[in-house]
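Biologist: I am new to this structure and would like to learn how to read its features. Could you take me through a few of them?

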Amino acid sequence: MAILVLSSPLPAQPFVDALRALAPGVPVWSEADDPPVEKVEALLAWRLKPGTVPRYPQLRVLCSVGAGAEKLLVEDVPDHVSVTRVVDPLQAQEIAQYVLACTLRFTRELPLYEQQQSRAEWRRHPVRPASRCRVGLLGLGAVGQAAPRASRSTLRRRGDRSTTGWPAARRRAR
């Protein structure tokens with residue numbers, strides 16, 4: 001199986017190097033290599049523009065390097081091409097930590113303090129208890145499930161339901 005890495009805006013070389021190390025006998029290219037289109041059987045991609053998939057007539061697998069595969073579901077993906085994604089626990093944890101940071105930024109009203117700081121104004125404001133804040137998650141995939149775990153000790157007391165989520169609609173398998 002020959003693999004083409006189209007990871008822009010992420011740099012492709014770390015993916016290419018890792019794949020070549022794991023499977024030395026498998027041809028792996030980046031877009032800069034200008035590979036023969038008839039040999040590409042798998043695309044490892046961040047996002048795709050319409051018209052990309054039909055350029056590779058032997059394509060069998062389309063794999064997302066991101067948290068989901070939505071950016072790869074362009075209209076011209078043939079039914080015979082399997083769409084997959086990388087499941088990376090570290091990626092889910094890092095995104096969950098980002099969600100927690102954004103949640104705390106909002107609940108602790110950090111933009112208000114940043115504005116005051118720019119004016120050399122130092123006033124305290126009442127703190128909103130985390131137990132009175134409700135966080136909603138849209139999608140309960142690998143990342144959506146990691147976010148409540150990352151926030152459990154900070155935003156959620158035992159028995160408190162301050163974090164809720166809605167699973168994404170199930171998609172039919174191809």
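Modeller: Gladly! Let us begin with a definition: a residue is called buried under 20% relative accessible area, exposed over 50%, and partly exposed in between. Please keep in mind that this is a predicted model.

Biologist: Thanks! Is C102 buried or partly exposed, and why?

Modeller: C102 has a relative accessibility of 34%, so it counts as partly exposed. C63, by contrast, is at 15% and therefore counts as buried.

Biologist: Speaking of cysteines, how many disulfides does the structure hold?

Modeller: First the general idea: a disulfide is a covalent bond between the sulfur atoms of two cysteines. In this structure there are zero disulfides.

Biologist: Now I would like to look at pockets. Which residues line the second largest pocket?

Modeller: Its lining is made up of L6, S7, S8, E31, R47, L48, K49, T52, R55 and Y56. By type, these lining residues are three nonpolar, three polar and four charged. The volume of the second largest pocket is about 230 Å³.

Biologist: Let me pick one residue from that list. Where is T52 found, and why does it count as buried?

Modeller: T52 sits in the loop between β3 (42-45) and β4 (61-64). Its relative accessible area is 12%, which is why T52 is classed as buried.

Biologist: What does the side chain of T52 reach, and which residues does T52 touch beyond four places away in sequence?

Modeller: The T52 side chain reaches the backbone oxygen of K49 at 2.9 Å. Leaving out residues up to four places away in sequence, T52 touches L6 and D76. Both L6 and K49 are also among the residues lining the second largest pocket.

Biologist: Next, backbone angles. What should I expect in general?

Modeller: Most residues other than glycine have a negative phi, and most peptide bonds are trans. With that in mind, look at the bond joining S8 and P9: it is a cis peptide bond, with omega about 15°. P9 is placed in the loop between β1 (3-6) and α1 (13-22), and S8 is one of the residues lining the second largest pocket.

Biologist: And which phi value does E109 have?

Modeller: E109 is not a glycine, yet its phi is positive, about 55°. E109 lies in the loop between α2 (89-107) and α3 (110-118). With a relative accessible area of 33%, E109 is therefore partly exposed.

Biologist: What about A120: is it buried or exposed?

Modeller: A120 has 57% relative accessibility, so it counts as exposed. Its phi is also positive, near 55°, and A120 is in the loop between α3 and β6 (135-138).

Conventions: Residues are numbered from 1 along each chain as its sequence is written. This is a predicted model: local features need pLDDT of at least 70, side-chain atom pairs count only at pLDDT 80 or more; totals for chains, interfaces and linings use all residues. Side-chain values use heavy atoms; hydrogens and water are left out. On a 1 Å grid over the protein atoms alone, a cavity is a set of points where a 1.4 Å probe fits but cannot get out, and a pocket is an open set with protein on both sides within 12 Å along at least five of seven lines; lining residues have an atom within 4 Å of a point. Grid points are joined across faces, edges and corners, and a volume is the space filled by probe spheres set on the points. Ala, Val, Leu, Ile, Met, Phe, Trp, Tyr, Cys and Pro count as nonpolar, Asp, Glu, Lys and Arg as charged, and the others, Gly among them, as polar. A disulfide is a pair of cysteine sulfur atoms within 2.5 Å. Buried means under 20% relative accessible area, exposed over 50%, partly exposed in between (1.4 Å probe, protein chains only). Helices (H or I, at least four residues) and strands (E, at least two) are DSSP runs, numbered from the N terminus. A polar contact is a pair of N or O atoms within 3.5 Å; within protein, one must be able to donate a hydrogen and the other to accept it, and residues adjacent in sequence count only if both atoms are side-chain atoms. Contact means heavy atoms within 4.5 Å.
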